[in-house]
Amino acid sequence: MKRAQPDSPRETGESGDQQAPLAVILTALSVEYQAVRAHLTGIETLVHASGTRAERGRLAGTSWYVALAEIGEGTLTAAALTERFHTWLRPQALFFVGVAGGLKDDIEVGDVVVATKVYGIHGGKQTSHGFLVRPEAWRTSHRLEQAARHALRGRARFKPIAVGDVVLADAASAIARHLNEHYNDAVAIEMEATGVAQAAHLTGELDALVIRGISNKADAHKHHRDAEGSPSKAAQNAAQAAVAVLRELSPAGPATAVDGHLDDHTTALLRAQEAACSALPYWPFHRDLPKLTDVYVEPSVISLDGSGLRGTLTTLLSDRGRILLLGPAGSGKSTAGLQMVGQMSGEILRGTQPPDTVPVFVPARLISSERNIQESISAACDRHLGNLLSRQIDIGRIAARHRLLIVVDGIDELVDPDERDRQITHLARHLDTTRHAAVITSRHFSENEISTFGGIELAFHMLPFDGQQLHQFVPRWMAAAGSAEPGRDATRFLQRLRHGAEYMLSSPLLTTMCLIVSDRHGPDLPVTRLELYDRFVQYLLFRRTRHAESRRQIASLLQVYGTPGDRLSDWLYDHRLELCSQVAKQYLQGDSRDLTDIAVEWIKEECEDAPWVDRWSSVVQSILVDTGMLLPIGAEVVFIHRSVAEYLAASLPGIGPDSFESTLTMMINAHTSISHFEGGGHGWFENSDATTSFLLFRCLWQGRTAQPAVSRLLAEHEDDFYTYATYWTVAQLGGAGVPLDDDAVERLFDFFVTRWYDVMRRGMQFPLSPAQYVVTLLVPLARRYPRLMTALRQFTTGLRDAHTAAIGLGGLWNSEHHDFAQAQLARMAAYEGDPGVPVYAARTYADLGQDEEAIVLAERAITAGANCFAVRDAVSVLVRYGRFDTTADLVAQAFPRHDWQSRIELAHCLTGIQHTQLAAALVREQLEATSAADKADFLRTLHSHRYGPEPYLVDPRPAYYAETIQALFDVAREHKAALLADPDLPATTRSEIAALQL
């Protein structure tokens with residue numbers, strides 16, 4: 001069949017959901033169109049009765065839909081199509097986005113210009129005295145300009161632009177002199193904006209904004225700059241600016257709901273929560289870094305009940321009234337809850353989701369078990385959301401009208417075990433006696449706590465990024481951070497990180513920190529967790545742009561106190577790290593005071609020259625926030641992440657164990673107790689314990705001189721109940737940077753070569769195979785200790801699991817065992833017994849930067865009949881190289897050779913590379929060419945895939961899972977009706993198919 005265009009569903013003249021806020025973005029050129037399209041999801045094609053086309057998609061993390069069109073060059077076309085889009089789609093705002101030539105010396109290629117006025121430069125009268133200029137000018141919409149100034153402050157120029165039907169490539173030409181003489185304040189020139197501006201003006205109601213990226217200097221070098229790719233970069237910058245403005249822009253009109261009314265309390269809560277999510281940068285300390293909503297990728301979770309059920313938080317919550325969400329530090333628990341609440345809030349406000357269930361996000365540390373739960377949540381929201389709330393809210397009033405989804409974040413932050421028990425009991429009783437739903441997050445829950453909340457079937461653990469999610473997240477980050485080629489830059493970054501710190505890729509937090517420090521520190525990436533946090537904190541304090549501004553602000557705040565104020569200013573700047581560390585120490589020890597008050601008290605105690613200051617709280621809060629390690633949320637200041645507080649506090653005396661040996665012993669005990677967790681055998685997630693992250697940092701700080709203690713512990717627990725936990729913990733610390741002496745290395749060698757399996761089979765269960773468990777531990781450890789490379793080689797040699805063997809061979813590649821690894825990978829690549837085996841070699845080749853070998857093997861696996869899971873892995877390899885269309889063609893060719901169960905998995909693959917409609921078309925084509933019995937088999941399979949108690953797919957379901965299912969359900973409904981109309985369909989089959997919920 002002929003492959004459909006990606007994401008081009010049924011053609012329609014309808015504008016879609018009339019309640020959803022819509023903006024139109026017009027572009028003149030293809031490069032401009034593609035730059036904007038990259039920011040949209042769920043794209044569909046709209047076709048006007050006259051044939052005019054647009055694509056409509058969702059701007060993730062907002063309630064906005066965007067209709068995007070490429071209109072071509074010229075003012076007449078721009079005017080006509082602006083009017084057409086206004087009458088057809090009735091947008092709330094219209095943007096004209098693209099490239100322009102710069103007219104001023106201080107406007108550089110790549111800069112963004114937001115037009116405050118649009119000049120038409122050709123108007124005038126030719127007389128015997130010369131040409132008399134009759135300028136025309138249109139001012140930008142005040143509403144859109146204000147949103148742009150707030151969203152783009154410091155990142156765009158707000159100036160007039162000139163428009164003419166001319167391509168200016170000569171700075172000394174007559175037209176250039178004309179511009180300089182009569183339109184001297186114009187900083188850029190392009191060819192269409194007057195048409196857009198005039199048409200918008202004539203509607204009397206359409207707000208319009210022109211945003212241009214500077215691609216050249218409108219001089220003789222224009223063609224050279226075009227050849228160097230500057231239009232692409234300029235278009236991307238303009239597109240990012242337009243997206244930023246839309247994120248800042250509130251849709252016009254009052255908040256509404258499907259039932260036509262939301263009370264003041266509900267409206268205030270939802271607006272504040274949507275603002276809290278959309279305004280929160282992924283790292284709030286730096287305006288130049290991406291926002292959470294620009295880069296967010298929904299993580300996957302796995303059930304702890306032993307069923308292997310996996311999915312996303314939103315899909316699983318729809319089938320359950322309550323979820324306990326566990327995960328190690330930085331796995332994305334809080335972000336997932338915040339993003340879900342923010343998106344639900346926006347959709348209810350805009351009327352695109354009924355207000356049957358109203359979400360409320362509340363940090364656990366702000367809830368009091370001594371108060372009525374609704375009163376306590378109301379008070380917590382007031383403190384957490386602060387001035388984002390337009391009024392004080394009463395959760396009880398909201399609960400009387402709506403079912404609540406209560407997201408309680410961070411039970412592990414309750415230091416007092418008695419308070420934790422009281423709060424868990426308090427919450428559980430409330431949920432048991434109401435209709436409310438809940439998501440409760442913590443690094444760890446005990447068996448008793450899980451039982452209190454309703455049982456193990458409600459407990460889910462955050463999974464690391466899978467390949468597809470990782471290759472969505474990193475390019476999004478690169479694009480939002482201004483990369484001209486985000487796909488290429490993402491591939492290079494991931495390859496560098498895989499060559500020494502693979503574990504960084506498992507966590508959204510660590511991956512993000514690596515992106516930041518790699519961008520600021522050059523190609524040398526950190527290889528240990530402690531080194532990563534060291535560099536990250538150094539970046540915050542001394543390397544980011546705001547660093548110099550921070551020092552000036554401290555001095556400015558205290559200059560009214562004269563010389564004492566100057567001394568205090570210098571002291572505060574020099575002691576910022578110690579100040580944050582002391583605040584972190586008190587916070588982790590359970591001090592419930594506001595962090596600003598803790599900081600004020602420490603400063604007064606430590607600084608002898610500190611004068612009495614009447615605005616201490618505002619001064620100190622500003623200092624804390626300017627460090628980048630804390631941020632204001634509502635009325636309070638919090639650490640950007642709990643693990644940052646743990647890193648800071650771990651370096652101080654007086655908190656936690658005093659010696660390395662005692663810290664290490666505590667880690668071993670924590671690992672042992674968690675590893676023997678009896679609720680379903682998923683004790684592999686050692687770092688889930690609330691204290692383990694802090695203990696790890698404590699060990700890393702203390703371990704620089706702790707080699708003898710490591711050896712003694714290994715000898716002491718050589719063969720007892722603690723053997724596994726001891727050796728695992730030491731190996732983990734060794735890979736993370738704690739130095740090991742020769743004796744410790746030799747003991748680890750003996751353990752992993754001769755005794756690991758005997759120890760592991762003592763009642764231990766793992767979601768990974770034991771072999772893969774060992775390899776993922778040995779690879780980073782062996783890079784630091786060559787002796788253990790031999791252990792890795794011996795271990796890998798005897799493996800039957802090709803996937804695990806490929807990981808081990810990748811670890812051996814850059815060592816003295818390179819020739820062995822090269823030969824073994826070549827054998828795997830040439831293996832013909834199972835088309836899936838070469839895919840494992842392809843993944844390792846891609847990790848190692850052997851791009852040609854990786855691409856060839858992955859493409860061959862898809863065409864050679866590999867099973868659907870191997871095809872999925874092959875797709876993830878090809879995605880690294882941006883080969884989306886080629887991959888879609890290969891999957892389409894392989895599609896007919898699979899059964900329905902596998903075809904649904906292949907449909908997920910296509911959705912993941914933005915080809916949802918191709919997936920639907922392939923399914924439709926197969927159904928049209930098959931028998932009634934095969935159609936019935938498809939409907940059964942799809943129904944079980946969505947509703948069955950044990951879904952076919954037990955691998956992580958990424959966020960696009962629901963999109964695939966929805967597209968296939970549309971096809972299924974069509975064919976269900978046709979199948980039931982077939983008079984020859986057996987009665988039993990007819991009854992079965994009629995009962996399926998599609």
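Arginine 422 is partly exposed, at 41% relative accessibility; the class covers values between buried (under 20% relative accessible area) and exposed (over 50%), with a 1.4 Å probe and protein chains only. Its salt-bridge partner is glutamate 419, with the closest N and O atoms 3.0 Å apart. A salt bridge here is a side-chain nitrogen of Lys or Arg within 4 Å of a carboxyl oxygen of Asp or Glu. Glutamate 419 is buried, at a relative accessible area of 17%. Both residues belong to helix H14 (residues 417-432), and because they are three residues apart, about one helical turn separates them. Helices (H or I, at least four residues) and strands (E, at least two) are DSSP runs numbered from the N terminus.

The model is predicted: local features need pLDDT of at least 70 and side-chain atom pairs pLDDT 80 or more, whereas totals for chains, interfaces and linings use all residues. Residues are numbered from 1 along each chain as its sequence is written, and side-chain values use heavy atoms, without hydrogens and water.

The salt-bridge rule gives a count of 26. One of these pairs is glutamate 44 with arginine 56, at 2.4 Å from N to O. Glutamate 44 lies in strand E2 (residues 40-47) and arginine 56 in strand E3 (residues 53-59), so the bridge ties together parts twelve residues apart in sequence. Arginine 56 is buried, with a relative accessible area of 11%.

A further bridge joins the side chains of arginine 143 and aspartate 207, at 3.0 Å from N to O. This pair links distant parts of the chain, 64 residues apart. Arginine 143 sits in helix H3 (residues 142-151), and aspartate 207 in the loop between helix H5 (193-203) and strand E12 (208-216). Arginine 143 is partly exposed, at 25% relative accessibility. Salt bridges also link Asp412, Arg443, Arg642 and Glu646 in a network.

Backbone geometry was examined at arginine 90. Its phi is near 50 degrees, a positive value in a residue other than glycine. Arginine 90 occupies the loop between helix H2 (75-89) and strand E5 (93-102). Its relative accessibility is 45%, which places it among partly exposed residues.

Across the protein chain there are 43 helices and 21 strands. Of the 998 residues, 59% are buried. The accessible surface comes to about 39600 Å², by the Shrake-Rupley method with a 1.4 Å probe. Carbon and sulfur atoms account for 48% of that surface.
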